[in-house]
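Biologist: Could you walk me through this structure? I would like to begin with how two of its elements pack.

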Amino acid sequence: MIAGLYRPGTSPVHRARAGTKLAALLGLGTLLFVIADPWLAAAALVLTLAAHGLARIPAPVALAQIRPALWILAILFAVQAWLVGLDAALLLVLRFAALILAAALVTLTTRTAELVAVIEWALSPLGRLGVDVAKVGLAISLAIRFIPAVAAIVEEVREAQRARGQDRSMIALAVPVIIRLLKMADEIAEAIDARS
């Protein structure tokens, strides 16, 4: 069984309904891209970090959620600073950082089944148009559950490569990771086919 990102807790953020959290995330995302002031975006980032504290998510766990995106944010900052200016670059990076951390907070404090149930409910009107809402829910559930699984596989392979002295070779890391991910995908596909 692939573990999800959910971390059990009794905080007010954990107790909030999944639909409320998703609506708040949607509202924050919309607000972040409407505002044009870096100070307001920075305030949104601070509030998001405060919400992590309210949810009693340890700082290392919160930072681990954004660590994979740091190099992308650095590239975005550099390109925006070069093309548009420092203010625009700072605004863009603050927006994305706040949004990534807010989305991470939702997945850390909400069970995957609850998230999928809310998304399926929201998409249920599309069922009349021929959209298979259950398949969309399954795809979202698998995507959420694959995130920590992929991170765990990469870390296991990286540790094995370090033990062999190959920790600097991207090929030595990428090939086993890809093979293990394909094998895991096949196993999950077979399990889904077996359950129809």
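Modeller: Please note that this is a predicted model. Helix H5 crosses helix H6 in a right-handed sense.

Biologist: At what angle do H5 and H6 pack, and how far apart are their axes?

Modeller: The packing angle is about 155°, and the axes of H5 and H6 lie 7 Å apart. Because angles over 145 degrees count as roughly antiparallel, H5 is roughly antiparallel to H6.

Biologist: What lies between those two helices in the chain?

Modeller: A loop that includes Val84 lies between helix H5 (70-83) and helix H6 (86-109).

Biologist: Is Val84 buried or exposed?

Modeller: Val84 has a relative accessible area of 57%. The cut-off for exposed is over 50%, so Val84 is exposed.

Biologist: Changing topic, where is Leu26 found?

Modeller: Leu26 belongs to helix H2, which covers residues 18-34. Its relative accessibility is 61%, so Leu26 counts as exposed.

Biologist: How many Å separate the C-alpha atoms of Leu26 and Thr110?

Modeller: Those C-alpha atoms are separated by 15 Å, while Leu26 and Thr110 are 84 residues apart along the chain.

Biologist: And the whole chain: how many helices and strands does it have?

Modeller: The protein chain has nine helices and zero strands. Its C-alpha trace spans about 50 × 50 × 35 Å along the principal axes.

Biologist: What percentage of the residues is buried?

Modeller: Of the 196 residues in the protein chain, 30% are buried.

Conventions
Residues are numbered from 1 along each chain as its sequence is written. This is a predicted model: local features need pLDDT of at least 70, side-chain atom pairs count only at pLDDT 80 or more; totals for chains, interfaces and linings use all residues. Side-chain values use heavy atoms; hydrogens and water are left out. Helices (H or I, at least four residues) and strands (E, at least two) are DSSP runs, numbered from the N terminus. Buried means under 20% relative accessible area, exposed over 50%, partly exposed in between (1.4 Å probe, protein chains only). Axes are lines fitted to C-alpha atoms, for helices over the stretch in contact, and angles run from 0 to 180 degrees between N-to-C directions. Angles under 35 degrees count as roughly parallel, over 145 as roughly antiparallel, 65 to 115 as roughly perpendicular and the rest as oblique. A crossing is left-handed if the near helix is turned anticlockwise from the far one by less than a right angle, and right-handed if clockwise.
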